[in-house]
Amino acid sequence: MRTVTIVDCGLSNIDSAVRALEYCGGDPVVTRDPAVVRAAGRLVLPGVGAFPEAMRRLNEAGLTDAIREAAIHGERPVLGICLGMQLLATAGQEMAFTQGIGVIPGDVTPLQRADATERVPHIGWNTVEDIGDCPLLKGVPPLSDFYFVHSFHFKPNDPAHMMGQTPSYGGFAAIVGRGLAFGAQFHPEKSQANGFAILKNFVGL
Amino acid sequence: MSLGEIAPGPMWPARAEGREQPVRYCKSCLYPETKPDLWFDEHGVCNACNNFASRETVDWSARQAELKTVLQRYRQENGNNYDCIVPVSGGKDSHYQLIRLLELGMNPLCVTATTDDLSPIGRRNIENMKKLGVDFVEVTTNPVIRRKINKFTLSTIGDVSWPEHVTIFTIPVRMAVQFNVPLIVWGENPQHEYGGPATSTTKNILDRRWLEEFGGLLGFRVSDLIGQLEIQPRNLIQYTYPSDEDLQRVGVSGIFLGYYFPWDGYQNALIAQGYGFETLPNMVEGALANYENLDNHQMGIHDYFKFLKYGFGRATDIASNHIRRGRMSRLDGLNLVKRHDGRFPWSYLGKPLADILGEFDMDVEEFMRICDRWTNKRLFLTDHNGQLVKDKDQNLTKKLYDNA
Amino acid sequence: MVKIRVMPTLLHRDMGLVKGERFDSWRRTGSALQAIKVYNMRGVDELVFMDITASPDGRPPDFDLIDDLADECFMPMTVGGGVRDAEDIGRLLGVGADKVSLNSHALANPDIIAEGARTFGSQCIVLSIDVLRGPDGRLEVMSHGGKRPTGKDPVEWAKRGADLGAGEILLTSIDRDGTFQGYDIALAKAVAAAVDVPVIASGGAGDYAHMADVLRQADVAAVAAASIFHFTEKTPAEAKKYLKKEGFNVRI
């Protein structure tokens, strides 16, 4: 049974994640209930929006602890997408310093332009280089493109947690991973064939 | 205001603030504004009606003299090759085109792009055309591949007839290149009677751009098929429009007979009957005619999807044709449309839907699901749950059948 | 480097798609659903979907329609038309938009840009600017589907919008729209030079060379187009192949 529990904090397009996971062989279930999250076999945390607002909602709903426990103690596969990836960090600096869920130690800070040709936010298709033998990238052609739309990035404290890198903005983490907890800065559910490969790999974990 | 020149841009009436806009219908015929490439003038009359009215100002004998000149340019006096290609389906218009060209002393090569699901009466009408005394080429695309494409385009773009649209325009042009016969004599320019931008109605030549813009391809290209359902370029040879180089080398040029003769499908059918064209004993399902679209069993599905997407079907087309020509009042047409337009296509030419769908491996349930997906809910009655209201025969009801 | 995007645009009016010239969008081009499905199958970079009568009609976006359409595709989508406030933005994001475009309401009340960015992040907020070049050559921002003059200069407005938090500018030349004459390169260049956020050029593409021209001469991040894809045999994939041959960084 490939159940995938999607955490809905009310700030993102759940539909796309649901459909994409179905398409990739998963059996998605959407929840806001911490108990369901704790018991989940696999978790997906999608996210569109601003860090502080998202954390406020997760905290209010009691989901923050539930996600952390499922990931760290339960060692369940977790996939944070875009803002969801950033929320897995220890702390975020968007607008105000906010504590994250704390699954993967690191900070979320603004993207820095490496040169005058770069613009922020980072919007569009860009390459991801596999630098950590990432299980999510299995079968994906090297330097494939994925769809990004973000202004902040996740800097993991431990370089071993950086699994995929995008060369822009001085090189930032496109994929982070610690154990079975992963974060993708891009949107796999919008990245067509390459994105579906990522989701299929995740569903297979 | 000259009726021949229709300025683009409809006069959108004052819009109901904050509310859903009702569909408007032509004041003269029965076309709704949802029809692609249709627009209304300041009197609320559509461009199809205005185009028809502009016929009065046309000097038809001058046009026919022009036609004779064009044909003379292409006539092969030594008889070593055909004078022209005439694309035909075997229907009423095809008969009419061939009869006219033979009268004008041309030696045409008839080219038929075999349709999706050829009916027995369709086959008999094709054979009848040959008996008029002409060489005939039938190009049949691989039916196994064709069926796959029918199924694919029905669900992906809501049009079972997509391969038909491509092949009926592409194959005659390919034949022109292959047989080295530059002149193609098409029948009616659909943009004339059925509405279209001014530039296309006065334009006489059907080129690649025309095909893409007006050929009913819905934006889906032949190149989009490659890689889907294991279809390779080698399967799509007859779907591939000739290159510009080939077209230029042969000097391929097309004309519409409908530019030179005031076109009337019903009149064409009457004339064709005199030459052996066969009609049905009863009205075709969902249409108001027994004399057209007799060759392809899939036509009912095609027309039904037009209804689901745009809110009008074949009955509206035919009634509007008759209304324009004074054979029927608008009110009579409207009543007939209410009775027949957009009925769920349980059969076509008597062939049951399940059998028609079975030809491309689909069942009725899956078909109904696809129908629902393509229905423009804004046009039909829905219940308080937002579900479409259907009668016991799966028929939908439009919100509006005419202007308020 | 992030890749240059080629973005087809769909304009929706009442119950179907339309296209026209210079914002006089009168020509019905068919069902939104089939256009979405065709583009989805082709894997385009991103789709722009605009409800062009929402603001002129004084009504909100049609959330149900967007929901239905988003269900049929997996492409990144920027959705606009009639977006009034943060609640509308949230709802559109909730039904499937990746980014939401603000235009007329932002002109009337620029604070909604800031509010949107605060709640959802700048990356979700696109400021759509429609520009008319007057007979004297002066550029003016228009609102309500190109109908109402605002007296604003596009460069100033773009700067203000980016300062308030818009993450992207969708810049459309009303004069060039649907004309196949090429983009308004001077306009694109001026706006792209004035802001640090990505700028999408829109209005006028007639062939692939036009796209190359505006990308070469103005520092835009993407090109959007409608008529060229609706009415000719040209496709976004072919456009990108052409651009790649011309040396641009695109996704093939």
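**Ground rules.** I am working with a predicted model, where local features need pLDDT of at least 70, side-chain atom pairs count only at pLDDT 80 or more, and totals for chains, interfaces and linings use all residues. Residues are numbered from 1 along each chain as its sequence is written, while chains are lettered from A and ligands numbered from 1 in the order in which they are written.

**Entry 1, chain A overall.** I found that the C-alpha trace of chain A spans about 50 × 40 × 30 Å along its principal axes. Chain A holds six helices and 13 strands; helices (H or I, at least four residues) and strands (E, at least two) are DSSP runs, numbered from the N terminus. Buried residues account for 58% of the 205 residues in chain A. Here a residue is buried if 20 or more other C-beta atoms lie within 10 Å of its own, exposed if 12 or fewer, and partly exposed in between, with C-beta atoms placed from the backbone. I also checked contacts (C-beta atoms, placed from the backbone, within 7 Å). Of those in chain A between residues at least 6 apart in sequence, 69% join residues at least 24 apart.

I traced an open sheet of four strands, ordered β6-β5-β7-β10 in chain A, with mixed pairing; two strands pair if DSSP finds at least two bridges between them. Its edges are β6 and β10 (152-156) of chain A, each pairing on one side only. Strand β5 (residues 91-92) of chain A runs parallel to β7(A), and two bridges join them. There I saw A:Gly92 opposite A:Val108 in β7(A).

Is A:Val103 buried or exposed? A:Val103 counts as buried because it has 25 C-beta neighbours inside 10 Å. I located A:Val103 in the loop between β6 (98-99) and β7 (106-110) of chain A. Leaving out residues up to four places away in sequence, A:Val103 touches A:Arg68, A:Ala71, A:Ile72, A:Val78, A:Leu88, A:Arg178 and A:Ala181.

Two pairs of chains touch, and the pair with the most contacts is A and C. I noted 28 residues of chain A in contact with 32 residues of chain C. On the chain A side, β8(A) gives the most, with five residues. Chains A and B do not touch, and their nearest C-alpha atoms are 14 Å apart.

I marked residues 1-14 of chain B, where the pLDDT is below 50.

Next I turned to helix α17 (residues 364-374) of chain B, whose buried residues are B:Phe367, B:Ile370, B:Cys371 and B:Trp374. They fall within an arc of 105 degrees seen down the axis of α17(B), so they line one face of the helix; the arc is that of the directions from the helix axis to the C-beta atoms. On the other side of α17(B), I found B:Glu365 and B:Arg369 exposed. The buried residues of α17(B) pack against α5 (143-157), α13 (299-310) and α16 (353-358) of chain B, together with α1 (32-42) of chain C.

How values were computed:
pLDDT is the predictor's confidence in each residue, from 0 to 100.
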